[in-house]
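Let's take a friendly walk through a protein model together.

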Amino acid sequence: MTYDVLAIGRSSIDLYANDIGVPFPEIRSFAAYVGGCPTNISVGTRRLGLRSALLTAVGDDPVGEFVLHFLKREGVETAFIPRKPGRRTSAVLLGIEPPDRFPLVFYRDNCADIELDLDDVERAPVRDARLVVITGTGLSREPSRSATLRAAEEARASGGTVLLDLDLRPTLWHDPRAYGVVIRSALFLVDVVVGTEEEVAAAAGAELPAAARRLLRLGPEAVVIKQGAGGSTVYLPRGDPVWAAPFPVDVVNVLGAGDAFASGFIYGYLRGWDWYRCARMGNACGAIVVTRHGCANFMPYEEEVLRFIEERGGF
């Protein structure tokens with residue numbers, strides 16, 4: 001297959017506060033980066049040496065040019081990204097108040113990526129990718145919802161793997177209660193689910209560990225829970241959960257760490273590693289990114305991550 005990873009869904013210009021630890025109303029300047037869950041994963045996996053493509057959509061505007069320029073520079077395949085006339089490339093403003101306040105403000109009215117449609121999927125290399133990443137936000141509205149489901153169908157039909165990043169952003173749904181209903185209805189097309197404890201609970205409509213078990217009964221082979229400083233846990237249909245220890249670091253900014261985790265996990269998964277090593281690789285990628293300012297622009301490289309793991313005792 002031509003691509004190792006095809007990520008599908010949202011993209012944005014991310015404006016990160018330069019004033020770390022300052023309340024949002026007192027921020028004086030922002031740094032401009034690129035973001036959005038699948039976009040971050042496309043960059044994260046590319047920096048780890050995988051062949052990555054992205055199916056998002058941008059507006060016919062300078063912000064879209066900003067996003068595409070960065071992706072091309074990173075070596076992510078952008079040939080299948082449509083421009084949506086009359087729509088805007090989305091934006092996110094982000095505050096940084098460690099250790100536990102990281103406010104986000106989404107500007108997604110009339111945004112381009114939620115207009116991904118079935119024709120866009122037909123033109124994309126879905127059947128030519130080993131693993132397809134879909135996201136919860138991609139399922140939040142039409143026509144993106146049908147396009148996302150179609151991509152998952154195509155991937156499964158061609159023997160590819162489908163990974164669902166739960167990516168819960170309640171304000172992006174017409175009704176947050178719909179999130180779990182839609183996620184559960186899609187799981188028969190999904191091989192691996194990745195999310196935080198809160199996302200898994202919301203998707204299942206139950207608390208852990210029952211939440212993970214409920215999702216597994218709907219079809220996936222694994223539910224992977226990102227626990228930040230608590231490491232990560234892989235729930236499987238049979239047997240005990242697999243827990244992978246974290247790599248302790250000093251936290252600057254947690255935003256983007258989950259997408260770095262997914263990138264590292266995918267790296268191991270596509271190399272045939274066991275669940276434990278995949279999760280540890282994800283933990284390492286996430287640990288590196290939380291020490292940095294932003295998301296896609298700060299994803300670690302393969303040699304860097306492997307050295308980071310080796311210096312801390314290995315897998």
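Which residues line the second largest pocket? Keep in mind as you look that this is a predicted model. The lining consists of Phe106, Tyr107, Arg108, Asp109, Cys111, Ile114, Ser140, Arg141, Thr171 and Leu172. By class, five of these lining residues are nonpolar, two are polar and three are charged. The space inside the second largest pocket comes to about 200 Å³.

While you are in this part of the sequence, look at Asn110. Its phi is near 60°, a positive value in a residue that is not glycine. You will find Asn110 in the loop between strand 8 and helix 3 (118-123).

The structure holds one cavity of 30 Å³ or more, and the largest cavity has about 30 Å³ of space in it. Around the largest cavity you can pick out Gly9, Arg10, Arg108, Asp113, Ile114, Leu116, Thr137, Gly138 and Ser144. Two residues of this lining are nonpolar, four are polar and three are charged.

Next comes the largest pocket, with about 1200 Å³ of space. Its lining is made up of 47 residues, and Thr196, Val254, Leu255, Ala257 and Gly258 are the ones nearest the centre. Several elements give two or more residues to this lining: strand 2 (12-17), helix 1, strand 7 (90-94), strand 8 (104-107), helix 6 (197-204), helix 8 and helix 9 (275-289). The lining of the largest pocket divides into 24 nonpolar, eleven polar and twelve charged residues.

Two of those contributors, helix 1 and helix 8, also pack against each other. Helix 1 (residues 37-47) meets helix 8 (residues 257-270) at an angle of about 45°, and their axes are 8 Å apart. The two helices are therefore oblique to each other, and their crossing is right-handed. On the helix 1 side, the contact is made by Cys37, Asn40, Ile41, Gly44 and Thr45, while helix 8 brings Asp259, Ala262, Ser263 and Ile266. Four residues of this contact are nonpolar, four are polar and one is charged.

Helix 1 has another partner to show you. With helix 2 (residues 62-74), helix 1 packs at an angle of about 20°, with the axes 10 Å apart. Why do helix 1 and helix 2 count as roughly parallel? Angles under 35 degrees are classed that way, and helix 1 and helix 2 are therefore roughly parallel to each other. The crossing of helix 1 and helix 2 is left-handed. Here Thr39, Ser42, Val43, Arg46 and Arg47 of helix 1 meet Phe70, Leu71 and Glu74 of helix 2. This contact has three nonpolar, two polar and three charged residues.

Before you leave, visit two prolines. The peptide bond from Glu142 to Pro143 is cis, with omega near 5°, and Pro143 sits in the loop between strand 9 (129-135) and helix 4 (144-157). Leu208 and Pro209 are also joined by a cis peptide bond, with omega about 0°. Look for Pro209 in the loop between helix 6 and helix 7 (210-216).

Conventions: Residues numbered from 1 in each chain as written. Predicted model: local features only at pLDDT ≥ 70, side-chain atom pairs only at ≥ 80, totals over all residues. Heavy atoms only, no water. Axes fitted to C-alpha atoms, helices over the stretch in contact; angles between N-to-C directions. Helix = DSSP H or I, 4+ residues; strand = E, 2+ residues; numbered from the N terminus. Parallel < 35°, antiparallel > 145°, perpendicular 65-115°, else oblique. Left-handed = near helix turned anticlockwise from the far one by under 90°. Contact = heavy atoms within 4.5 Å. Nonpolar A, V, L, I, M, F, W, Y, C, P; charged D, E, K, R; others polar. 1 Å grid on protein atoms, 1.4 Å probe; cavity = no way out; pocket = protein on both sides within 12 Å on 5 of 7 lines; lining within 4 Å. Points joined across faces, edges and corners; volume = space filled by probe spheres on them.
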